[in-house]
Amino acid sequence: MSNEPSYKNRKVITIGIVSELTGLTERKIRYYEERKLIFPERSAKGNRKYSFSDVEQLIEIANKREEGVQTFEIRQQMLRDKRKEAERESRQQMLRGQINARFGIQRK
């Protein structure tokens, strides 16, 4: 299994393209970054690079903002979702360990 991120998570899209794809202004995209709702990487020259997952996240954020949800509330929900996902992964890992121990399966 490769450590390369999937195509969906590779940070290769410029802010201009993201703006075109989402309909958001570059200023609004930067604002969402300032509010810690999106986390682009930086190229060697300092340009922001986004992934397709980031584009989807920005569209979701824009939809919530249109519904009147504040950026603080969006951030809090993102943190709750991240915690739930970490807990779910931890439970799955524990269960796999218990099953492997029960049946004497050794991981390499």
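Predicted model: local features only at pLDDT ≥ 70, side-chain atom pairs only at ≥ 80, totals over all residues.
Helices here are DSSP runs of H or I with at least four residues, strands are DSSP runs of E with at least two, and both are numbered from the N terminus.

Residues are numbered from 1 along each chain as its sequence is written, and side-chain values use heavy atoms, with hydrogens and water left out.

**The overall picture**

The protein chain has four helices and two strands.

How big is the radius of gyration of the protein chain? It comes to 18 Å, whereas a compact globule of 108 residues would have one near 13 Å. That radius is taken over C-alpha atoms, and the globule rule is 2.2 Å times the number of residues to the power 0.38. Along its principal axes, the C-alpha trace spans about 55 × 35 × 20 Å.

Of the 108 residues, 22% count as buried. Buried means under 20% relative accessible area, exposed means over 50%, and partly exposed is in between (1.4 Å probe, protein chains only). As for the surface, the protein chain exposes about 8,500 Å², and 49% of that is supplied by carbon and sulfur atoms. Those areas come from the Shrake-Rupley method with a 1.4 Å probe.

Now for charges. The protein chain carries 25 positive and 16 negative side chains, and the centres of the two sets lie 6 Å apart. Lys and Arg count as positive, Asp and Glu as negative, and His and the chain ends are not counted.

Contacts tell you how the chain folds back on itself. A contact means heavy atoms within 4.5 Å. Taking contacts with a separation of 6 or more, 58% are between residues 24 or more positions apart.

**The nonpolar core**

A nonpolar core is a set of buried Ala, Val, Leu, Ile, Met, Phe, Trp, Tyr and Cys residues joined through side-chain atoms within 4.5 Å. The largest one here has 15 residues, and those with the most contacts inside it are V18, L24, I29, Y32, L37, Y50 and L58. Which elements give two or more residues to this core? They are α1 (15-22), α2 (26-34), α3 and α4 (71-103). Helix α3 gives the largest share, four residues. In soluble globular proteins, nonpolar side chains tend to be buried together.

Beyond its neighbours within four places in sequence, Y32 is in contact with L24, L37, I38, L58, I61, R65 and T71.

**Buried or exposed?**

Let's start with T71 and F72. Both T71 and F72 are found in helix α4. T71 counts as buried because its relative accessibility is 6%, while F72 counts as exposed because its value is 53%. Setting aside neighbours within four places in sequence, T71 is in contact with Y31, Y32, R35, L37 and R65.

Not counting residues up to four places away in sequence, S51 touches K8, N9, R10, K11 and I13.

Two more residues fall in the middle class. P5, in the segment before α1, is at 41% relative accessibility and so counts as partly exposed. R27, in helix α2, is at 48% and so counts as partly exposed too.

Here are some pairs to find in the model, with their C-alpha separations.

| Pair | Apart in sequence | C-alpha to C-alpha |
|---|---|---|
| F72 and L37 | 35 residues | 9.1 Å |
| T71 and K28 | 43 residues | 12 Å |
| P5 and D54 | 49 residues | 13 Å |
| R27 and I15 | twelve residues | 9.8 Å |

Most residues other than glycine have a negative phi. Yet K36, which is not a glycine, has a positive phi of about 60°. You'll find K36 in the loop between α2 and β1 (41-42). At 48% relative accessibility, K36 counts as partly exposed.

How values were computed: Charge placed at Lys NZ, Arg CZ, Asp CG, Glu CD.
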